Amino acid sequence: MDWGMKNRLSRIIKPKTGHTVMLAVDHGYFMGPTTGLENFEVVKSLLPYADTLMLTRGALRNYIKPENDIPIVLRVSGGTSIIGKELLREGIIVSIEDAIKLNVSGLAFSIMVGSEFERDTLLGLAKVIDWGEEYGIPVVAVTAVGKEMGRDARYLSLASRMAAELGAHIVKTYYCENFEKVVDTCPVPIVMAGGKKIPEKDALEMTYKAIQSGAVGVDMGRNIFQSEDPVAMIQAVRAVVHEEATAEEAFEVFEEKRGK
Ligand code: 5RP
């Protein structure tokens, strides 16, 4: 692996613990002004606690100061919306030149394995991985799940392994029962996606189980920025990911930091 690729990967997955808390705030690319991301004020308060920020180029340019040194994972797939007819038909939405101009540490691309559009998304991912290899930028493949797709270990290990075989450097996938199967059959690091907002205790429990199963961290959005106390929640997630806290201990961190 070339120096640039290794350097950027180490900006995403922290060498000190081998783990990462990626903050996903890219939802606007298909959901518009998502609750909690209306003006990015919440995101700004979370920046000191996130290892990496995953977002779109529009949000980056409009809401984040260039002086900020948080590593950026740029969403480069999209082109469809939650109210359109073909949500799963994402394509490439950013040129590699613009990604380089933005000095990103990673590129993120969603694949829709098993959907009508799987081929388009897999070829799109392959293209982005070619760019990543050429310029030393790691690619995070996101195994998106549509309504008609599974969320079990069988499906998620298929999609994750395919992403790795196509050359992805990191895979973002959902937690499921037997998550260790997904991790064990994927040769590249896995980060757990957060999914819809659930109670803080449950989100911390899910994070704990994912880390115990071998995930290198989380790429979590709504369960942090929609929490009743996002700053307390991200610190609780950090405790699990970086400090080997149990779910119970992390919930105590949440309670302790809450309201401060
Ligand atoms: C969709 C995505 C997201 O837009 C986002 O990153 C999801 O984060 P979360 O589910 O934790 O809110 O990757 O596939």
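Good morning. In this chain, residues 24 or more positions apart account for 66% of the contacts that have a separation of 6 or more. Please keep in mind that the structure before you is a predicted model.

Let me turn to the chain as a whole. It contains 12 helices and 10 strands. Its radius of gyration is 17 Å, close to the 18 Å that the globule rule gives for 260 residues, so the chain is as compact as a globular protein of that length. Taken along the principal axes, the box filled by the C-alpha atoms is roughly 45 × 40 × 40 Å. As for burial, 55% of the 260 residues count as buried.

Our pair is H9, which covers residues 200-212, and H11, which covers residues 230-243. Their axes come within 9 Å and cross at roughly 25 degrees. Angles under 35 degrees count as roughly parallel, and H9 is therefore roughly parallel to H11. The crossing of the two helices is right-handed.

Which residues make this contact? From H9 they are Glu200, Ala203, Leu204, Thr207, Tyr208 and Ile211. From H11 they are Met233, Ala236, Val237, Val240 and Val241.

To conclude, I would ask you to find H9 and H11 in the structure and to follow their roughly parallel course. Thank you for your attention.

How values were computed: Residues are numbered from 1 along each chain as its sequence is written. This is a predicted model: local features need pLDDT of at least 70, side-chain atom pairs count only at pLDDT 80 or more; totals for chains, interfaces and linings use all residues. Side-chain values use heavy atoms; hydrogens and water are left out. Axes are lines fitted to C-alpha atoms, for helices over the stretch in contact, and angles run from 0 to 180 degrees between N-to-C directions. Helices (H or I, at least four residues) and strands (E, at least two) are DSSP runs, numbered from the N terminus. Angles under 35 degrees count as roughly parallel, over 145 as roughly antiparallel, 65 to 115 as roughly perpendicular and the rest as oblique. A crossing is left-handed if the near helix is turned anticlockwise from the far one by less than a right angle, and right-handed if clockwise. Contact means heavy atoms within 4.5 Å. The radius of gyration is taken over C-alpha atoms; the globule rule is 2.2 Å times the number of residues to the power 0.38. Buried means under 20% relative accessible area, exposed over 50%, partly exposed in between (1.4 Å probe, protein chains only).
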